[in-house]
Amino acid sequence: MSIAIPSSAGPVALVGVARPRPERAAELAALLHSFVAPTRAEEGSVDYVLHTAENGDLVFYERWRSADDLAAHLALPHMRDFQDHRMEYLAEDLQIRWLTPVGN
């Protein structure tokens with residue numbers, strides 16, 4: 001999966017949903033949780049929050065200063081490794097929703 005980042009001169013935000021394979025749910029939760037602190041520390045990261053939904057899905061919310069900052073994040077070795085092996089953990093591919101602020 002290659003995430004097509006929308007072109008944007010300003011900040012970008014997204015919500016992602018990861019539906020784990022039942023037998024790998026705990027591993028996926030731990031893996032995604034391990035990304036939180038390093039991602040928050042990256043240049044251009046505004047916000048990165050991981051949630052668990054009532055149905056067991058893992059939902060993450062990200063805001064980045066720019067599309068270039070998000071692209072740099074996705075190019076990091078641990079993120080590329082996750083992208084390459086994500087279907088070992090997922091029942092279906094990630095759902096990504098791009099967000100646009102309404103008024104500021």
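**Exercises on helix packing and burial**

L28, L31, L32 and F35 in α1 meet H78, M79 and F82 in α3, where contact means heavy atoms within 4.5 Å. By class, this contact of α1 with α3 has six nonpolar, one polar and no charged residues. The model is predicted, so that local features need pLDDT of at least 70 and side-chain atom pairs count only at pLDDT 80 or more, while totals for chains, interfaces and linings use all residues. Residues are numbered from 1 along each chain as its sequence is written, and side-chain values use heavy atoms, with hydrogens and water left out.

**Exercise 1.** Determine how the axes of α1 and α3 are arranged.

*Solution.* Start with the axes of helix α1 (residues 25-41) and helix α3 (residues 77-85), which come within 11 Å and cross at roughly 155°. The two helices are therefore roughly antiparallel, a term for angles over 145 degrees. Finally, α1 passes α3 in a left-handed crossing.

**Exercise 2.** Identify the residues with the most contacts inside the largest nonpolar core.

**Exercise 3.** Is S45 buried or exposed?

*Solution.* First locate S45, which is found in strand β2 (residues 45-52). With a relative accessible area of 15%, S45 is buried, since buried means under 20% and exposed over 50%. Beyond residues up to four places away in sequence, S45 touches T39, R40, R63 and W64.

Notes:
Axes are lines fitted to C-alpha atoms, for helices over the stretch in contact, and angles run from 0 to 180 degrees between N-to-C directions. Helices (H or I, at least four residues) and strands (E, at least two) are DSSP runs, numbered from the N terminus. Angles under 35 degrees count as roughly parallel, over 145 as roughly antiparallel, 65 to 115 as roughly perpendicular and the rest as oblique. A crossing is left-handed if the near helix is turned anticlockwise from the far one by less than a right angle, and right-handed if clockwise. Ala, Val, Leu, Ile, Met, Phe, Trp, Tyr, Cys and Pro count as nonpolar, Asp, Glu, Lys and Arg as charged, and the others, Gly among them, as polar. A nonpolar core is a set of buried Ala, Val, Leu, Ile, Met, Phe, Trp, Tyr and Cys residues joined through side-chain atoms within 4.5 Å. Buried means under 20% relative accessible area, exposed over 50%, partly exposed in between (1.4 Å probe, protein chains only).
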